[in-house]
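Student: I am new to this structure, and I would like to learn how to read its features one at a time. Could you show me the general idea behind each feature and then the case in hand?

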Amino acid sequence: MKDDNQELVDFQILSLKYKTRLTRKFKERKKYQAPNPKEVRSVIPGTVTEVKVKKGQKVKEGEVLLLLEAMKMVNQIHMPFDGTIKKVNVEKGQKIPKNFVMVEID
């Protein structure tokens, strides 16, 4: 079936120009946001087994912030750069989803 209500959109690959219709799924997709470097987020869902930092603590780059058990493996979450812990949003035994803000850095 042809839906004439959809508008055509131009796009170009190298020197060739094309016209296409955008799907509803594409139009309603979640827009990309650049990650905030002051937030340590989970990349996979899991359970926090140990929290090694607290609010106000100064931490050096590479130090372990917490341990996250996911898929029967314990993952060490490291500090990305030197800084001070602004807020810890997790506690031992907490189950967290993907992309959850675990630690905020000042």
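This is a predicted model: local features need pLDDT of at least 70, side-chain atom pairs count only at pLDDT 80 or more; totals for chains, interfaces and linings use all residues.

Student: Is Ser 42 buried or exposed, and in which loop does Ser 42 lie?

Tutor: In general, buried means under 20% relative accessible area, exposed means over 50%, and partly exposed is in between, with a 1.4 Å probe and protein chains only; the areas come from the Shrake-Rupley method, and for residues only the protein chains shown count as cover. Ser 42 counts as buried because its relative accessible area is 3%. Ser 42 is placed in the loop between E3 and strand E4 (46-51), where helices (H or I, at least four residues) and strands (E, at least two) are DSSP runs numbered from the N terminus.

Student: Which residues is Ser 42 in contact with, leaving aside its neighbours within four places in sequence?

Tutor: Contact means heavy atoms within 4.5 Å. With those neighbours left aside, the contacts of Ser 42 are Leu 68, Ile 96, Pro 97, Lys 98, Asn 99, Phe 100 and Met 102. Met 102 belongs to strand E10 (residues 101-105) and is buried, since its relative accessible area is 0%. Not counting residues up to four places away in sequence, Met 102 touches a list of residues including Val 40, Arg 41, Ser 42, Leu 66 and Ile 77.

Student: How many salt bridges does a search of the whole structure find?

Tutor: A salt bridge is a side-chain nitrogen of Lys or Arg within 4 Å of a carboxyl oxygen of Asp or Glu. The search of the whole structure finds four salt bridges. One of them joins the side chains of Asp 10 and Lys 19, at 2.7 Å from N to O; Asp 10 is exposed at a relative accessible area of 54%, and Lys 19 is exposed at 57%. Another pairs Glu 28 with Arg 24, with the closest N and O atoms 3.9 Å apart, and both of these residues are exposed. The side chains of Glu 50 and Lys 52 also meet in a salt bridge, at 3.9 Å from N to O, where Glu 50 is partly exposed at 34% relative accessibility and Lys 52 is partly exposed at 42%.

Student: Which residues form the nonpolar patch on the surface, and which gather in the patch of positive charge?

Tutor: Patches are made of residues with over 30% relative accessible area and no salt bridge, with like charges joined within 9 Å and nonpolar side chains (Val, Leu, Ile, Met, Phe, Trp, Tyr) within 5 Å. The nonpolar patch consists of Phe 11, Ile 13, Leu 14, Leu 16 and Tyr 18, which together have about 540 Å² of accessible area. Strand E1 (8-13) and strand E2 (16-21) each supply at least two of its residues; Ile 13, in strand E1, is partly exposed at 48%.

Tutor: For charge, Lys and Arg count as positive and Asp and Glu as negative, while His and the chain ends are not counted; the place of a charge is taken as NZ of Lys, CZ of Arg, CG of Asp or CD of Glu. The positive patch on the surface gathers Lys 38, Lys 55, Lys 86 and Lys 87. Lys 38 sits in the loop between helix H1 (24-27) and strand E3 (39-41), and is partly exposed at 42% relative accessibility.

Technical notes. Residues are numbered from 1 along each chain as its sequence is written. Side-chain values use heavy atoms; hydrogens and water are left out. Accessible areas come from the Shrake-Rupley method with a 1.4 Å probe; for residues, only the protein chains shown count as cover.
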